[in-house]
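Student: I am new to this structure and would like a close look at one of its chains. Could you walk me through how that chain is built and how it meets its partner?

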Amino acid sequence: MVIEISCVEVWREISNYIDGSTDRELRDRMEAHFKVCKHCSAVLDGTRNVVRLIADGAEFEVPASLSKRIYAKLDSQLGKS
Amino acid sequence: MEDQLIDRCLGGDHEAFYELMRPYERAVYFAAVGVLHNPADAEEVAQEAVLKAFNNLSKFRREAKFSTWLIQITINEARMRFRKDRAHLYESIDERKTDEEGDYRPKDFADWRDIPSEELQRRELREALKRALVSLDPKYREVLVLRDVQHMSIIETAQVLGISEGLVKTRLLRARLQMRDALAPGIDGSWTTGRSEFKKVRPW
């Protein structure tokens, strides 16, 4: 039998849930909650989407020739440039 | 392998340092951008971090991972730069009051009528993400970048930032929920980036 969990508790654990680091009992309780709570379900989907988007690296453009420029100061100290 | 490169470098073979750095160039840059979010400043900080790592290589204790040590240096450089840039402002990173005790309540968009177009362009999405990241408190942004961009473990993130694992998890939670609030309601809807499709929550 799955014991109910409150929305506040769900929000507290939602990041761990997304990372798969909650224990089984908590996970089951949260999943039962998501089935009946539209708000928390929306929060879960939205937060998952955020994590996916950030992981995509979409918002971080790597500058051209980063490989060279990141060593500019070191090169200078070593008398290379 | 890395140990050999470090030994070689300490022995005077400077090229070994470049080889040692190669897998972490992007990580260093992204860590700097994560704290500063200004690409020009971030690049300068990244260069400083590389230089500092080279000059202090003899101080690197090999119980830790080289990448952890390197990113720690980068974060510290970035924070110093951040403080310097904002020295004239009232709030500093340390002074800013944020309530980490209370629960964060994510917004409910169930009644939102004005849902933006579901065909949000990739560029708009990138801009929205950038703005949302900028709006975060730096200490949340740092954790978010290390975990969700660099894919560092909780343990490693805690080591790099010098905080407990529990605090990493708390800050990560807040960072993710704040990002979602900043980006929703579009993010609870369906955005396609061309690479991933996002699950639609509401019927429209």
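Tutor: Happy to! Chain B has 9 helices and 0 strands, where helices are DSSP runs of H or I with at least four residues, strands are runs of E with at least two, and both are numbered from the N terminus. Along the sequence, chain B therefore reads α-α-α-α-α-α-α-α-α. A word on the source: this is a predicted model, in which local features need pLDDT of at least 70 and side-chain atom pairs count only at pLDDT 80 or more, while totals for chains, interfaces and linings use all residues. Residues are numbered from 1 along each chain as its sequence is written, and chains are lettered from A and ligands numbered from 1 in the order in which they are written.

Of the 204 residues of chain B, 38% count as buried, meaning that 20 or more other C-beta atoms, placed from the backbone, lie within 10 Å of the residue's own. Among contacts in chain B between residues at least 6 apart in sequence, 66% join residues at least 24 apart; a contact needs C-beta atoms, placed from the backbone, within 7 Å.

Now to the partner. The contact between the chains takes 48 residues from chain B and 38 residues from chain A. On the chain B side, the elements giving two or more residues are α3 (25-36), α4 (39-55), α6 (122-135), α7 (138-149) and α9 (165-183). That side of chain B divides into 28 nonpolar, 4 polar and 16 charged residues. Here Ala, Val, Leu, Ile, Met, Phe, Trp, Tyr, Cys and Pro count as nonpolar, Asp, Glu, Lys and Arg as charged, and the others, Gly among them, as polar.

Key: Contact = placed C-beta atoms within 7 Å. Buried ≥ 20, exposed ≤ 12 C-beta atoms within 10 Å, placed from the backbone.
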